[in-house]
Amino acid sequence: MIRVAVAREEGYFGVPVRALLETNPDMAFVGTLPFGNELPRLAARTWPSVIVIDTDRMVSQVLPVATELHSSAPACALLLLCDPAKRGMLPPRHRTGCLNFLLKTASAHLLADSVRRLALGERVVSPMLQAASLTTERGLTTRELEVLGLAAEGDSVKEIAGRLYLSGGTVRNYLSAIIAKTGARNRLDAIRIARKDGWLR
């Protein structure tokens, strides 16, 4: 039996994942979890095989939470539902081990098939999302967007370093590179520019 959970923010109603999956006899829906920093701790209570993440956050803002979740529960597969119309919701160009990517508009059959493949240890990345990711111009790397995303949430350099398993000096170097690449005056201006360009929510 594949234990499936959905992670989404409070008040956000996106894809009806439960309704799409609960008719499959090989799947058990174990709950809806609030997406955020507490997700790894809350997921440990339900032990899902697969967590479907349905949020309007950008991939760069999902990755730190996904990394922490993968560290605490490496056997749990993570499937992020993405909207290719939003540039910040495209998969990173460089393969990331903890996240899998599927269109928000995927059919019930494709969603169920993807969950089964993940439960077997396979990787899932929608070809359409992969193609869009390769053809979209990016000014910042995925790691730089991760750092900027955490900075946008108010995390300090020390907190960002802890969450991304980096040194404080490395985080400062990333922030300096981000400011230079975006032509920003400072960190707050870089966040404003990234949001305006569609890379941060």
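User: How many bridges join E1 to E3, and in which sense do they run?

Analyst: Strands of a sheet pair through backbone hydrogen bonds, either parallel or antiparallel. Here E1 and E3 run parallel and are joined by four bridges. Two strands count as paired if DSSP finds at least two bridges between them, and strands (E, at least two residues) and helices (H or I, at least four) are DSSP runs numbered from the N terminus. Within this pair, alanine 7 stands opposite isoleucine 53 in E3. This is a predicted model, in which local features need pLDDT of at least 70, side-chain atom pairs count only at pLDDT 80 or more, and totals for chains, interfaces and linings use all residues. Residues are numbered from 1 along each chain as its sequence is written, and side-chain values use heavy atoms, with hydrogens and water left out.

User: What is the bridge partner of valine 4 in E2?

Analyst: Phenylalanine 29 is that partner. E1 and E2 pair over seven bridges, in the parallel sense.

User: What is the strand order of the open sheet?

Analyst: The five strands follow the order E2-E1-E3-E4-E5, with parallel pairing. E2 (27-34) and E5 (100-103) each have a single partner strand, so one side of each lacks a neighbour in the sheet. On average, neighbouring strands are turned by 25 degrees against each other, direction ignored. Axes here are lines fitted to C-alpha atoms, for helices over the stretch in contact, and angles run from 0 to 180 degrees between N-to-C directions.

User: Which strands does helix H2 touch?

Analyst: Contact means heavy atoms within 4.5 Å. By that rule H2 (residues 39-46) touches E1 (2-8), E2 and E3 (50-53), and its direction makes about 150 degrees with that of E2. Helix H4 (residues 108-119) lies across E1, E2, E3, E4 and E5, at about 150 degrees to E4.

User: How many residues of E1 are buried?

Analyst: Buried means under 20% relative accessible area, exposed over 50%, and partly exposed in between, with a 1.4 Å probe and protein chains only. Six of the seven residues of E1 are buried. By contrast, lysine 158 in helix H7 (residues 157-164) is exposed, at 72%.

User: At what angle do helices H6 and H8 pack?

Analyst: H6 (residues 142-152) and H8 (residues 168-182) pack at about 100 degrees, their axes 10 Å apart. That makes H6 roughly perpendicular to H8; angles of 65 to 115 degrees count as such, under 35 as roughly parallel, over 145 as roughly antiparallel, and the rest as oblique. Among the contact residues are Val147 and Leu148 of H6 and Tyr174 and Leu175 of H8.
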